[in-house]
Number of protein chains: 2
Amino acid sequence: MTARDHVPASPTSPEPIRGVWCPALTPVDDELRPDPVRFVAHASWVMAEGCHGIVVFGTTGEASSFSVEERIALLDEALAAGLPPERMLIGTGCCALTDSVRLTRHALDQGVAGVLMLPPFYFKGASDEALFASYDLIIQRQTRSDFGLYLYHFPRLTGVPITSGLIERVQAAYPTILKGVKDSSGDWTNTATLLQRCPDLAVFPGAESLLLPGLEQGGAGCISASCNVNARAIRRLYDGFAAGAGDLATQQQAIAARRELLQLAPQIAVMKQMIADQRGDPGWRRVRPPLLPLAAADAAKLEHGLAAMDFRLTLA
Amino acid sequence: MTARDHVPASPTSPEPIRGVWCPALTPVDDELRPDPVRFVAHASWVMAEGCHGIVVFGTTGEASSFSVEERIALLDEALAAGLPPERMLIGTGCCALTDSVRLTRHALDQGVAGVLMLPPFYFKGASDEALFASYDLIIQRQTRSDFGLYLYHFPRLTGVPITSGLIERVQAAYPTILKGVKDSSGDWTNTATLLQRCPDLAVFPGAESLLLPGLEQGGAGCISASCNVNARAIRRLYDGFAAGAGDLATQQQAIAARRELLQLAPQIAVMKQMIADQRGDPGWRRVRPPLLPLAAADAAKLEHGLAAMDFRLTLA
């Protein structure tokens with residue numbers, strides 16, 4: 001008998017998400033404020049290119065670089081412009097408990113598909129018990145219990161890993177709320193372990209270079225930065241797997257090669273540069289410190305590399 | 001000719017601080033909200049015990065665990081209760097540029113002695129150029145230029161070191177604003193290098209175990225967690241050095257032994273437990289997740305250790 005048997009599933013709890021999800025870039029204006037017009041256009045485009053949904057304010061969206069008010073305002077503006085909440089996960093995990101509570105409440109009130117939650121990441125060495133206490137309080141302070149929670153494991157940036165033990169603990173306490181995990185460790189062994197140990201959860205590798213191996217082991221798809229510029233090819237591979245198509249390894253290889261090019265410098269700046277260049281909109285280059293726009297030498301390398309592999313955005 | 005020669009010193013810019021400064025613990029109520037009554041009593045007591053001033057919302061104050069609004073409200077309440085702003089440094093460095101700008105503006109408007117600023121700490125691998133861009137924007141977005149900025153180096157928790165090169169760059173651009181550095185690396189070699197390379201800055205080791213070596217090399221004192229419970233002894237050593245007294249090494253050793261006991265578990269929880277026990281105020285044990293209150297076994301060890309070295313708070 002598992003913990004699941006003790007807690008009745010909420011009939012209104014949403015299904016776990018699956019597919020190709022894009023952690024959307026956050027374009028900023030010349031005062032470095034989030035730019036809702038560019039954001040809505042870009043998010044609409046990545047969904048038209050094949051993304052099942054977007055993450056608003058993941059790492060690629062420079063989430064931590066914006067205040068709670070800025071994050072709430074951009075989401076409100078995106079929804080007012082007609083972006084579908086059921087195709088959105090919202091990044092809501094902050095260092096401050098009260099910030100995470102507030103962002104999560106706001107997101108859930110908008111009817112989004114779920115929240116993607118980093119652990120509090122300032123203090124290092126937190127035990128599973130301490131991190132459970134953190135997630136537990138955030139959940140307890142919600143007014144709803146019919147939502148989807150996705151844990152966000154990104155140890156290289158947080159220094160605070162989400163272990164299998166922690167996941168199992170959250171799942172035991174909140175079996176109808178915990179729906180999945182985004183594993184941005186880049187470590188296939190970790191993803192494979194999660195896939196094996198958490199068969200009821202939607203496990204997403206944080207890189208499309210692991211899309212096919214993930215799907216083969218029961219993974220839910222991917223949530224990956226590159227979807228901002230390469231959604232169509234990534235979706236094609238996802239659909240190909242579902243249809244039992246052949247030649248998927250070649251597709252996976254081509255996707256990984258594009259990813260490698262995008263990582264010639266910090267990927268957020270690279271993709272913003274690519275969009276700026278290909279859309280003829282220099283304002284897209286802007287990032288918030290501590291990121292910097294792509295240096296000229298890297299921009300030249302990028303342009304050369306994109307041309308060499310004929311890697312172009314579909315222009316609307 | 002150095003960069004200093006180009007920028008006239010502001011006649012109103014405050015002198016760098018010196019001495020023994022306490023990064024004050026933040027007591028919380030049973031909803032885990034900052035508790036202004038306990039905070040003011042504690043901060044007043046540490047200053048009465050000998051601290052030249054306090055840091056509001058440093059690491060020991062669990063700064064990152066509180067929202068911007070909570071941080072502003074506690075400072076306002078502390079000042080309204082009569083704590084002297086000129087004896088306060090305020091921690092204002094956040095991941096989000098706009099949070100750091102807002103907290104810094106608010107603090108400076110209260111006439112505090114300065115701000116102690118972490119670098120944005122989510123993204124790792126930021127270059128000196130990127131971190132300079134971050135500090136530069138925060139300073140540029142202030143309405144005042146007559147303030148004291150102290151950079152806060154705590155690489156174990158931030159993963160984002162403040163290098164000598166970055167310090168020199170900020171100093172060259174803002175010679176009348178940059179006043180000092182708190183070095184919480186715990187690495188004497190780093191502190192010694194800063195003392196040598198930045199003779200015009202107030203360099204504070206982040207641990208009282210380095211107080212004497214720091215003073216001997218021209219250091220400004222210390223800003224250290226242990227001042228929450230051991231201010232009197234630390235101040236005595238500081239004053240002894242200034243007076244050219246003998247037997248300072250023995251004092252330094254005794255202080256270091258107390259520090260070692262305080263580190264039997266995460267020091268914030270240990271010191272809150274000690275205050276709770278010795279003041280008979282169990283509410284003082286509370287911390288915000290991802291910290292946890294001291295476990296019972298550790299509390300017993302602590303009590304034993306404190307008794308063994310007769311380490312007791314002066315009760316008001």
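Visitor: Is B:V181 buried or exposed?
Guide: B:V181 is buried in this predicted model. There are 28 other C-beta atoms within 10 Å of B:V181, and 20 or more is enough to count as buried, so that's why the residue gets the label.

Visitor: Okay, and where is B:V181 found?
Guide: You'll find B:V181 in strand β6 of chain B, which covers residues 178-183.

Visitor: Which residues is B:V181 in contact with, leaving aside its neighbours within four places in sequence?
Guide: Among them are B:Y150, B:L151 and B:H153, then B:I167. Further along the chain, B:L194, B:C198, B:L201 and B:V203 are in contact with B:V181 too.

Visitor: How many residues apart in sequence are B:V181 and B:A220?
Guide: They're 39 residues apart in sequence, while in space the C-alpha to C-alpha distance is 9.7 Å.

Visitor: New topic: the core. Which residues touch the most other members of the largest nonpolar core?
Guide: That would be A:L89 and B:L89, in a core of 198 residues.

Visitor: And what does B:L89 touch?
Guide: Not counting residues up to four places away in sequence, the partners of B:L89 include B:I17, B:W21, B:G53 and B:V55. B:L89 also touches the run B:V112, B:A113, B:G114, B:V115 and B:L116, plus B:Y150.

Visitor: What does β2(B) pair with?
Guide: One partner is strand β1 of chain B, residues 19-23, which pairs with β2(B) in the parallel sense over 3 bridges. In that pairing, B:C22 has B:I54 as its bridge partner. To get from β1(B) to β2(B), the chain goes through helix α1, residues 36-48, in a right-handed β-α-β crossover.

Visitor: What joins β2(B) to strand β3 of chain B?
Guide: There are 3 bridges, and the two strands run parallel, with β3(B) spanning residues 88-91. Here B:V56 has B:I90 as its bridge partner. The chain crosses over through helix α2, residues 68-80, and this β-α-β crossover is right-handed.

Visitor: Let's hop to chain A. How many bridges join strand β6 to β7 there?
Guide: There are 4, and β6(A), residues 178-183, runs parallel to β7(A). A:G180 has A:A202 in β7(A) as its bridge partner. Helix α7, residues 188-197, carries the chain from β6(A) to β7(A), again as a right-handed β-α-β crossover.

Visitor: Now the two chains together. How many residues of chain A are in contact with chain B?
Guide: 32 residues of chain A are in contact with 32 residues of chain B. On the chain A side, α3 (97-109), α4 (128-140) and α5 (155-158) each supply at least two residues. The largest share comes from α4(A), with 6 residues. By type, the chain A side divides into 20 nonpolar, 6 polar and 6 charged.

Visitor: What rotation superposes chain A on chain B?
Guide: A rotation of 180 degrees, with 0.0 Å of shift along its axis and an RMSD of 0.0 Å. That's the relation of a two-fold axis. Both copies use the same surface, since 100% of the contact residues of chain A recur in chain B.

Visitor: Which peptide bond in chain A is cis?
Guide: One joins A:P289 and A:P290, with omega about 15 degrees. A:P290 is in the loop between α11 (267-279) and α12 (296-308) of chain A. In chain B, the bond from B:P289 to B:P290 is cis as well, with omega near 15 degrees.

Visitor: And what about phi of A:F57?
Guide: Phi of A:F57 is positive, near 65 degrees. A:F57 is in the loop between β2 (53-56) and α2 (68-80) of chain A, and this residue is buried, with 28 other C-beta atoms within 10 Å.

Conventions: Residues numbered from 1 in each chain as written. Chains lettered and ligands numbered in written order. Predicted model: local features only at pLDDT ≥ 70, side-chain atom pairs only at ≥ 80, totals over all residues. Contact = placed C-beta atoms within 7 Å. Nonpolar A, V, L, I, M, F, W, Y, C, P; charged D, E, K, R; others polar. Pairing = 2+ DSSP bridges. Right-handed = clockwise from strand over helix to strand, strands pointing away. Least-squares fit on C-alpha atoms with pLDDT ≥ 70 in both. Core = buried A, V, L, I, M, F, W, Y, C linked by C-beta atoms within 7 Å. Buried ≥ 20, exposed ≤ 12 C-beta atoms within 10 Å, placed from the backbone.
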